Amino acid sequence: MFYRPEHHRKEAPVDHPNPSSPATPPLDETARRRLRQRLLCEPLAPRLDLDVFRGWREDRDPSLSSSHLLPALARLSLLKSAKSNDEVASYLQWTIYGPRIYLGRYHSSAGPVDIFFDGLLDHELYRINAPHALLELGERGFWTLKALSRGGLVAVDGETIEPGDPAVPVGNRQRITLGVAQFRFDILGDGTLTSWTRRLEDQLRVQENPALFLKRQGGICGPRYELKEGRAAVIGRSFPRERDLSRPGHWNAAETLDWDLSGLREHERRHIGFRHAIIRPRNDHDWEIEALSLRHKLTVNRLPVTEPKLLQSGDEIGLGSIVFQFHHPNAGRPSSRATVKLPNPVDWHHEQKPTKPPELPGKRNGPPPLPSKREE
Amino acid sequence: MKGFELQPGERVEIGAGTFEVSRPLFPDSRSHAWLARDGEYVRWLWTGPTGGAWTELIERVLDRPRHGLPRLLATKEEGGRAIALLEHHRPDTPVLYDDTWRALPRHEVLDALQRLVLSLGVLHESGVCLGGLSRSHLLWDDASGSFYIGAMPKPRERSDSSEDVWRDIKIVGELLYENFKNRNYPGGHEMASLLQAGELDHGESWQPGLPQVLAGCVTPYGELALKNAHELWVALEHLRVEIEQPLQLRIGSRSTIGSYIFRKNNQDSCGHVKMQTTSGSRQVSLAFCCVADGIGGIKDGERASSLAVASGCAAFSRACHHKHGEMLLDSPTSSARAIARVVSQQLALEGEFDPRGNRGGTTFSGLVLAGSRAGIGHVGDSRIYLFRDGELIQLTRDHTLSTILTELGELDPEDEVQRKAAERTISRFMTSSGELDDGRIDSFTLEAADRLGVDIETLFSEGLVIKSGDLFLLTSDGVHGELAPEELLKQVRAHQEHPDRLCETLVSKVVAQMGHDNVTALAVRVD
């Protein structure tokens, strides 16, 4: 009734180590760590109902994860090593949807970046600054790269670019180094802005009222919020009723949100305040924005905003780490104000990282305690 | 079904390759399954009748990867037979010789059979049945403890008749009987009369739930007949609950300011919740333990860590009440991470709406124990250890600058000052100024997975299987930063059966040697 497996093995040995796919060596240590990192980055939400753990419900609008309206212009793919030209995996690719892309990590003192490399390993992220570099598609159809941070390595095909150097051209399939991570730059489509611009204009043309468009990876994508004439709008993300906080009475949770951003992707919503900002009409025609959150940054054209700020069509509004484009249909051509210079980049290399609270001197014969820095 | 055989050495062009048949997959050639290779590629070939119906049926169910079933790569018709090319499962061991199967622990038997039943359920739900599943169609993978369906010579459209279900699942009753009773299955008629005579209701290896399951598998008729695969899965689950003794947990903890010269308050917090639920015949113990080490100004750090522990325990309790703790039991690792995730959101909420006194941050290491599995969610430099078989295994990784610099190869082992500073600098923690995304909430390390001999995907999806004698230890850096690893191991060894005494000893050891930090330890002993 039973078959002895040994008997079979003798009959016809199958010796190939990995017979179900082309011969691949067993996973090396880095690959195993990447696999682990990938598993950790898979959202918990579809498997588990996080609202049960929370005890209150988040209003996650599924349309906030809708796909891009504009054609992709280029792509950065993480490479296996400094020598290899093999990309690691499709989930470690970042597609570029706009002509002006800040690359790097988010830090509240420097404002949003367009591509923050979620999914990289800790030490790779540690060597990426906020912001790290600027990728730009010029009018003549050439991409260029500019280094923005001191102490953060930027190189094209091994040639280092110093901050302050003029932008360096980057061609299709060239290698870009950011810190200790290597990327391949691929130009997608015809490499020009022609169809991109046409699609952008089409999108904006059909928008009859002033609106905010979510910008991902440099280009506007599906999600938008249409402002209602004469009415202010509060932007933030779901929060519970007051009684769910440990010390009720300290805050006023009576307000509701007009645009709930809870449904953004995991790494995007991280720095969005629960009541982040309010947009209100300043007069019959103009709109202004004001920060509501004390803990999360509001920027306009990547500069911090501390008091009500008049908006112009084309302005880039930054809520924490993500960017929206303000569009006003009666304002004619979009302004080009989104090109102002950035505040000084955060240099992670020399910046002091968060640490334990100061202790009395003499401890452990160590260096003087570092000041606590809250943002990661 | 004569004429479908392939001959060893025969070459078949299919898919993008030419495959040479090396041997039948099963000794019984009526299984119509062969092993074949094209250079380095090893594949399976199945044969069946022409006319499209056979091909359509297997295409319908094997078009994508499914547990316990091979994936279909290509089909063709040639020489009066249909041929299918399938991915190869390794190891390709035909089912079980008696000693192996009979020696398997009962819970592993139930695991394997439940998984097989799930695969059958998938087939049946797609409207396909196998027209009888036997040992000559089943492969056994010892490493994963799973069956694979290696042949499907007679698939057909499933009718509403319970006979179709029964033909495919009766093998489950046979295999179950052989393991539980440690003897050959006597055959269907004999089994039916044994059951009727109540022969299985007593005896040495008596198991009250066993006759129920066997009766369902022995005949498609009558009240006990099973209507679908899911009913069999449930019956097996009931049997599992019967044989599993719920593990008993004993928890002890201790936290102190430490040396008053260095510290003005205790910024560490720890907490635990234990629950014992009974639903139906199922008794389950659920527990959550966590340690948090506050960061920030004096008051803020203390508040952040106590808030984290309180909201972590609250989140766990909510999950316990929801569907009898189903989420915790199904995925303890994801649950532990979800708790950490929700805690970090709570800190962000308090930080935004109640900023006074809420400007701190905290580390957070939480352990979920659900039924027979454990999961962890971890941020910062507190630690979770498992003491098993005399070894102390660190399950978490410290999120410190030192870990990152080591990775970058920039930490000079000679430079004591740099090393100490890097160790004290935390690279990831929870803060009241923003919430962590899922990807930043850590869990088991690869090193721990290797030492435990479990692969990381299993640890993440199903958690760590705990056993009697395990001891989990959660510590703040006031413990593991002050005590040498050998000292820690020595104390754990000495007090492994007494979690309370262990924590007390660890804390007093640190205080005695004038540790500079708050000291917190929490231990869970599994009995």
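Axes are lines fitted to C-alpha atoms, for helices over the stretch in contact, and angles run from 0 to 180 degrees between N-to-C directions. Helices (H or I, at least four residues) and strands (E, at least two) are DSSP runs numbered from the N terminus. This is a predicted model, in which local features need pLDDT of at least 70 and side-chain atom pairs count only at pLDDT 80 or more, while totals for chains, interfaces and linings use all residues. Residues are numbered from 1 along each chain as its sequence is written, and chains are lettered from A and ligands numbered from 1 in the order in which they are written.

**Helix packing in chain B**

- Helix 3 (residues 106-125) and helix 4 (residues 162-181) of chain B have axes that come within 11 Å and cross at roughly 175°.
- That angle makes helix 3 of chain B roughly antiparallel to helix 4 of chain B (under 35 degrees counts as roughly parallel, over 145 as roughly antiparallel, 65 to 115 as roughly perpendicular and the rest as oblique).
- Residues are in contact if their C-beta atoms, placed from the backbone, lie within 7 Å; on the side of helix 3 of chain B the contact includes B:Leu113, B:Leu116 and B:Leu120, and on the side of helix 4 of chain B it includes B:Ile169, B:Val172 and B:Leu176.

- B:Ala235 is found in helix 7 (residues 229-243) of chain B.
- B:Ala235 is buried, with 23 other C-beta atoms within 10 Å (20 or more other C-beta atoms within 10 Å of its own, placed from the backbone, count as buried, 12 or fewer as exposed, and in between as partly exposed).
- Leaving aside neighbours within four places in sequence, B:Ala235 is in contact with B:Gln212, B:Val213 and B:Gly216.

**Sheets in chain A**

- An open sheet of 5 strands in chain A runs in the order 14-13-15-16-19 with mixed pairing, where two strands pair if DSSP finds at least two bridges between them.
- Within chain A, strand 13 (residues 233-236) and strand 15 (residues 275-281) pair in the antiparallel sense over 4 bridges, and A:Ile235 stands opposite A:Ala277 in strand 15 of chain A.
- Another open sheet of chain A, of 4 strands, has the order 3-4-5-8 with antiparallel pairing, and its edge strands, each pairing on one side only, are strand 3 (100-103) and strand 8 (168-170) of chain A.
- Strand 4 (residues 133-137) and strand 5 (residues 143-147) of chain A pair in the antiparallel sense over 5 bridges, with A:Ala133 opposite A:Ala147 in strand 5 of chain A.

How values were computed. Two residues are in contact if their C-beta atoms, placed from the backbone, lie within 7 Å.
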